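Take a walk through this model, starting from one side chain and widening the view from there. Keep the sequence at hand.

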Amino acid sequence: MAQGSDNNDTSYTKSPSPGNKQGSSDDVMRKVMRREKNRIAAQKSRMRQTQKADSLHLESENLEKENAALRKEVKRLTEEAKYLSTVLTNHEPLCTGLSSASTELLYGAHHGAFHQHISVPHYPL
């Protein structure tokens, strides 16, 4: 191991001068306290990072479940719309209350798309 790589190595500090022993021990104590504070802060930061990653993972799983449920609902509603469109298409020839002109007014030019049945009174001409 290379000299000076040990975290507790204080060889890089000034050697105490004979009249400055108290100041030197204060410096060492401050460095030890600063290292301890830094270690605790780094530990808290890693913990917050882990919690954030866990939270994002849970949110991702919940969104994937919601997405799957919404896709299933879209599929069900699409099938229901096709079924209702077929029912309407099969019913139109049997409906004597509607003329072709009033059918266009009721359903618009996009006949065959989603239909909305509107009740219109039939007046003889």
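Start at Glu73, which is partly exposed, with a relative accessible area of 35%. Partly exposed here sits between two cut-offs: buried means under 20% relative accessible area and exposed means over 50%, with a 1.4 Å probe and protein chains only. This is a predicted model: local features need pLDDT of at least 70, side-chain atom pairs count only at pLDDT 80 or more, and totals for chains, interfaces and linings use all residues. Residues are numbered from 1 along each chain as its sequence is written, and side-chain values use heavy atoms, with hydrogens and water left out.

What does Glu73 meet in a salt bridge? The partner is Arg76, at 2.9 Å from N to O. A salt bridge is a side-chain nitrogen of Lys or Arg within 4 Å of a carboxyl oxygen of Asp or Glu. Side chains of opposite charge can pair when their charged atoms come close. Glu73 and Arg76 are 3 residues apart in helix 1, so about one helical turn separates them. Arg76 is partly exposed too, at 40% relative accessible area. A network of salt bridges links Glu73, Arg76 and Glu80.

The structure holds 4 salt bridges. Another one joins Asp27 and Arg30, at 2.4 Å from N to O. These two residues are 3 apart in helix 1 (residues 21-91), so they too are separated by about one helical turn. Asp27 counts as partly exposed, at 37% relative accessibility. Arg30 counts as exposed, at 52%.

Next comes Arg39, which forms a salt bridge with Glu36. Their closest N and O atoms are 2.5 Å apart. Both residues lie in helix 1, 3 residues apart, about one turn of the helix. Arg39 is partly exposed, with a relative accessible area of 42%. Glu36 is partly exposed as well, at 35%.

Now turn to nonpolar side chains. Val28, Met29, Val32 and Met33 make a nonpolar surface patch of about 360 Å². Patches are made of residues with over 30% relative accessible area and no salt bridge; like charges are joined within 9 Å, and nonpolar side chains (Val, Leu, Ile, Met, Phe, Trp, Tyr) within 5 Å. Met33 lies in helix 1. Its relative accessible area is 48%, so Met33 is partly exposed.

Step back to the whole chain. The protein chain has 2 helices and 0 strands. Helices (H or I, at least four residues) and strands (E, at least two) are DSSP runs, numbered from the N terminus. Of the 125 residues, 7% count as buried. The accessible surface of the chain comes to about 11500 Å², and 57% of that belongs to carbon and sulfur atoms. Accessible areas come from the Shrake-Rupley method with a 1.4 Å probe; for residues, only the protein chains shown count as cover.

Confidence comes last. The chain averages a pLDDT of 78, and 59% of the residues score at least 70. pLDDT is the predictor's confidence in each residue, from 0 to 100. Over residues 120-125 the pLDDT stays under 50. For that stretch the model has 2 contacts beyond four places in sequence, where contact means heavy atoms within 4.5 Å.
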